[in-house]
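Notebook open, structure loaded. I'm jotting down what I look up as I go.

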Amino acid sequence: MTLLLCAFLFAVLSEPGSQPDSRPVDFSREVRPILASYCIRCHGPDEKARKGGLRLDDREAAIRTLSGGNRAIVPGKPGDSEILERLTTDDVNSVMPPRKLGKRPSPREVEILEQWIAQGARYTTHWAYAPPVRAPSPAVSDPSWPRNPIDHFVLARLDREKLRPSPAADRHTLLRRAALDLTGLPPSSEEADRFINDAAPDAYERAVDALLKKPSYGERWAAMWLDLARYGDSQGYIHDPPRTIWRWRDWLIQALNDNLPYDRFTTEMLAGDLLPGATPAQVVATGFHRNTTNNTEGGANGEEYRHASVVDRVNTTMQAWMGTSLACAQCHNHKYDPFTQKEYYQIFSVFNSTADANGEDPTIEVPRMGQEAAYAGLSAQFARAKQKLDEESQWVDSRRGDWEKAVDRARLPKDLADILAVPAEKRTKAQADALAAHHRSTHPDWSGRDADVRRLRAELDGVSTTTLVMKEIAPRPTAVAIRGEYQSRGEPVTPGVPAALHPAPSGVKLDRLGLAKWIVDPSNPLTARVAVNRLWQEIFGVGLVETSEEFGTQGEPPSHPELLDWLATEYVRLGWDTKQLLKVIVTSAAYRQSSVVGDASYQVDPMNRLLARGPRSRLSAEALRDQALFVSGLLSAKPFGPPVHPYQPLNGLAAAFGPSTDWETSKGEDAHRRALYTRWRRNLPYPSMIAFDVPERAVCSMRRIRTNTPIQALVTLNDPVFIEAAQALARRILTEGGATLESRAAFGVRLVLSRPASEAETHRLAALFQASRSSLAADPARASALATRPLGPVPAGMDVLDAAAWTVVGNVLLNLDETLAKR
Amino acid sequence: MIPQPPDRLVHQTRRHFLREGSLGLGGVALASLLGGAAPADDPFAPKPPHYPAKVKNVIFLSMSGGPPHLDLFDYKPELVKRNGQDCPASLTEGKPFAFTAAGATKLQGTPQKFTQHGQGGAWISAAMPRLAEIADELTFIKSMYTDQFNHGPAELLLMTGIPRTAGRPSLGSWVTYGLGSENRDLPGFIVFVSGGSLPSAGKSGWGNGFLPSVYQGVQCRTGGDPVLYLTDPEGMDRSLRRASLDALKDLNAPKPGEPIHPETATRIAQYELAFRMQMVVPELMDVSREPARILEAYGAQPGAASFANNCLLARRLVEKGVRFVQLFDWGWDFHGTKAEEDIGENLIRRCAAMDRAVAALIQDLKCRGLLDETLVIWMGEFGRTPFREGRTAAGPHIGRDHHPFSNTLFMAGGGLKPGITHGATDELGFHVTENPVHVHDIQATLLHLLGMDHTRLTYRFQGRDFRLTDVQGRVIKQILA
């Protein structure tokens, strides 16, 4: 035992950096994570879980003399602090954490605690729960490098690490990077040429402005919000029936393109229906929280799934806007952060007063995007026609009683005969309406009179849709659900916000609107940080806080805390102007660096957390598909509308108790729309999107973990969607790429990568073309298949063999690492 | 006494390993491209278990719909005796049933003939003659129960540990995340669906949930490409594909003087792996390579899309080191709404192909010495009621409603006591009376046999450590050898 203890102490002493350190230990960043990892579960805010009466998340409690006369922490006296003894002892009866938990602090972690106690054991509020502080731009080693305050923070950090920023990326790379980041599409050749030939010093800033104005901007950023909103075109669970809520998705795209300030954007999604004089668009916006799932299986208890939806709304709201895992407090007090289970249900009660209950209702009918005027006109005509018809139908309806007595039931369709068997006073409205409609249709005086109403209704359907919305009803009584079980009702609660966070704005009723106001309140320490961190994550691949979903004590501390706070305060200062903030980020010198990585640089910082180079990541599932269609000229620019069915391999299976899961490919340009318009079925998501890490969208997802798998290679090599793109690319190369092999190869590179080809590349592609052509020449049937399936016959005058061989080249171009990545 | 890295670091590190930049199947290829040491970052690299494993692989036979356990395994003479009598209200009161209203239900004795089999004397009905012959290889649990009486939630609970579509990883994803895979030319988690329908849990049954997507089950299909997009486009033969991958590799090489980005190196390796998969998988999925006597034993036919073929494929995959093979078979929901849902003669017909294939699978694994290192588990998401289903009580076909309160399953393979029966139900087969086993206990036991502690197999998501068994689950020690 002694020997082992010595070995352990030796390890402590020999750990690099263990020499006495006068640098003050930062409680929030260094100490709290250690306490959270090893101690807080049993010695934290949760009274029920607390062991031995010891609480370590609160200074006063932690330094108190315990019932045994000992003290866990004695400020200034590590030797008297029992916590250190317990963490390092080999006595299995007293060691902490208990061995069975399988956790043990490292010598370095023990050393940090020791220093912290020696320095007085000072506690501070967890950084994320304290308001952001706008620090002045720090001094840097090279004042000529920064282009805006972001760069001061980045370079100051690099200076501290004795690293240098990378040189600026070349202009081709930079424009493609910015276009992919801001619009999800590469620049067109014309855009690239315009930028390259623009010698003005602000050429890049203007190019960024132009990108931010493109309608494709909203489509690109909507994809991020669809993950947050757990959007789907189906209801989930076993039957997974279709859902019509795409009009909310269209609202989202438009709101992003209109650059709705983030505070308004937030308020409208959470509580647009409660705004005074709410417009239809503001009501549509509340579809955000109607993306929860329904269980339509026979015998399912509606209340159970309604409760689950409310839980999901609480968790999603706190996650998406405040990076807070309040979800942990659903079944018990939060083990690590200062949230109680009661507080969880106080927020729950805010959401527990909407009309929906495990079904699609309520919905509203609204014009499709851009059809507002047509809808208004048709609605008025329809109302007039309907009124006229109603007047006329009264007479016909007055004859129905006689008809019912006289009609031969055996000759009626079965459903109508069944209705007739029900006594008139017991029929449901739907039954009565069905009967009335049938009777009218058979009546000689009726014939043709409803033609106007039918025609106008059909025309209205063409310019409108229904969509799911939130609707407030009288609040349901809410109680703490014991252990999170909806039937175990504990203490009744009323709306409230967690005491550890900022208070609700005074004079505000705490309904959904009040909660939204609390979320976007300038004193909320989390909302702006979480939002800017998410934008940063989308651009740089990793957030300044890597755990973008968790800013609480269990999350990772920010890599650049002052930069995060500067961005958060800047966002608010700019009036929550998202496009403006994105412009600040993408015009920084940090963003404009080359992403080429040296061996040494990679070893030091594989994830580029220090930002000594520009961003680089594999494109998202959506961008990969959209880019392939765009560069080959197939992509439809048509925005908005019902979900589409691009090519999907036959599955040959029915849904459980349901119809076939296969779909017919959409006709015309709808087969080639941007990926975000693809019908999203939760039980069977589009296969190539799932292969590239799109979440199933059953719950809110704050970041996609990008993977790199052989299944992905099979998608971009062989999926008919990508083969079709390669064929179309081949045809563009043949018609627009000049007459020589070299000019054609170079043209292909320029189309796909938005940059000139090197000579080596041209030669390699030309060689591939020739090898492919001679291989295919022997077998015209193979060549024809490769050039035309599935795209269709080549244009008149085009050589099929050429088209086939360029298809092979196009397939390679679409699979280049540079193509698949943003560099 | 080596200090363990704290869990926090373990999963942080794991998460970093999964970054695209450092993620590589085919670590050797990557290492040679980088000219350095092999990186320890292969998500499928076999990982050490928490403690010595009893089995390496799992074949999970999921009978979607809930087979009528009272007509297959859980013999209740008392129920036969009281056939047609009212079901005691004390049993059904306050309990939800999917298609039967409370009160006025009639007890339904089994129309099947039961006899005892093997040294262990297991009761098995005449609907399962082949399995009856190998009863001493099987470990029965007759005290299984669940919380859910609807298919969707019950199957989700079984497959993902939570009865909702909540973005949780499936059983097979947890296992491949925890243990990696033995075969780098194949996915570690492969799924087959038979019976013409997706299972009730939908794709969540093999989804990766919040785990990285490398761990999602790969659904192998019996028509078209066995794995989606496995086949080169029409007109592209193997040599042309090889030529294009060679060009791709050359073009992906960095500019002179620039080092290759590790992510690029990984991607090149993935393309090579995909190329190998294109050759290996079709061969593996081709059951015509099996001798006639094996095909005959399983009842498999080359080219057919059947549960029997899938059982045979499961063996072929396990033989190649695929960690987790999940079979879903649709059509075990015996309500009695039509002839195919009748638990009389029809049940014998319905069971025939399954009985034959499962018995052949277990025997085949045993002959090859694979049964000791494989766990075969057969079960539905819930049992069926001892009373006749309410809607169809007056109809021509006899059926039973969903029953969450008791069920029978069996397992076979390494680490188990073969030939035993664990747990029991009351004389009517309504409630468990002895050694209750919850769905989470099955999950915990499955992980245990694979060498994993279900309380330590965790993944951090949304700021919280999640596990398959949530806060429950106990290993069923009594059935372990």
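This is a predicted model: local features need pLDDT of at least 70, side-chain atom pairs count only at pLDDT 80 or more; totals for chains, interfaces and linings use all residues.

Started with the secondary structure of chain A: I get 34 helices and 6 strands.

Next, overall dimensions. Along the principal axes, the C-alpha atoms of chain A fill a box of roughly 100 × 80 × 50 Å. Chain A has 823 residues, and 48% of them count as buried. I also checked how far along the sequence the contacts reach. Taking contacts in chain A between residues at least 6 apart in sequence, 68% join residues at least 24 apart.

**Domains.** I looked up the division of chain A and found domain 1 (2-124), domain 2 (385-462) and domain 3 (718-822). For domain 2 and domain 3 of chain A I took the centres over C-alpha atoms, and they are separated by 61 Å.

**Interface.** How many residues of chain A are in contact with chain B? I count 88 from chain A, against 74 residues of chain B. Then I asked which helices of chain A supply at least two residues each to that side. The list is α14 (302-322), α25 (599-604), α27 (687-691), α28 (710-718), α31 (759-777), α32 (780-788) and α33 (800-813). α28(A) gives the most, with 8 residues. Sorted by class, the side of chain A that touches chain B has 42 nonpolar, 28 polar and 18 charged residues.

**Met318(A).** I picked one residue in α14 of chain A, Met318(A). Is Met318(A) buried or exposed? The residue counts as buried, because it has 23 C-beta neighbours inside 10 Å and the cut-off is 20 or more. Leaving aside neighbours within four places in sequence, Met318(A) is in contact with Thr324(A) and Leu326(A). I also took a distance from Met318(A) to Ser141(A): they are 177 residues apart along the chain, and their C-alpha atoms are separated by 40 Å.

**Helix pair.** I then turned to α6 (residues 149-160) and α23 (residues 561-573) of chain A, which pack with their axes 9 Å apart at an angle of about 170°. That angle makes α6(A) roughly antiparallel to α23(A), because over 145 degrees counts as such. On the α6(A) side I noted Pro149(A), Ile150(A), Phe153(A) and Val154(A), which meet Glu562(A), Leu563(A) and Trp566(A) in α23(A). By class, this contact has 6 nonpolar, no polar and 1 charged residues.

**Cores.** Last stop, the nonpolar cores. The largest has 317 residues. Which of them touch the most other members? They are Cys311(B), Val358(B), Leu361(B), Val376(B) and Ile377(B). Helix α12 (residues 345-367) of chain B gives the most to this core, with 10 residues. I followed up Leu361(B): beyond its neighbours within four places in sequence, Leu361(B) is in contact with Tyr298(B), Cys311(B), Ala314(B), Arg315(B) and Val376(B). There is also a second, separate core of 22 residues, with Val25(A), Ile73(A), Val110(A) and Tyr336(A) among them.

Terms used:
Residues are numbered from 1 along each chain as its sequence is written. Chains are lettered from A and ligands numbered from 1 in the order in which they are written. Two residues are in contact if their C-beta atoms, placed from the backbone, lie within 7 Å. Helices (H or I, at least four residues) and strands (E, at least two) are DSSP runs, numbered from the N terminus. Ala, Val, Leu, Ile, Met, Phe, Trp, Tyr, Cys and Pro count as nonpolar, Asp, Glu, Lys and Arg as charged, and the others, Gly among them, as polar. A residue is buried if 20 or more other C-beta atoms lie within 10 Å of its own, exposed if 12 or fewer, and partly exposed in between; C-beta atoms are placed from the backbone. A nonpolar core is a set of buried Ala, Val, Leu, Ile, Met, Phe, Trp, Tyr and Cys residues joined through C-beta atoms within 7 Å. Domain bounds come from an automatic or database domain assignment. Axes are lines fitted to C-alpha atoms, for helices over the stretch in contact, and angles run from 0 to 180 degrees between N-to-C directions. Angles under 35 degrees count as roughly parallel, over 145 as roughly antiparallel, 65 to 115 as roughly perpendicular and the rest as oblique.
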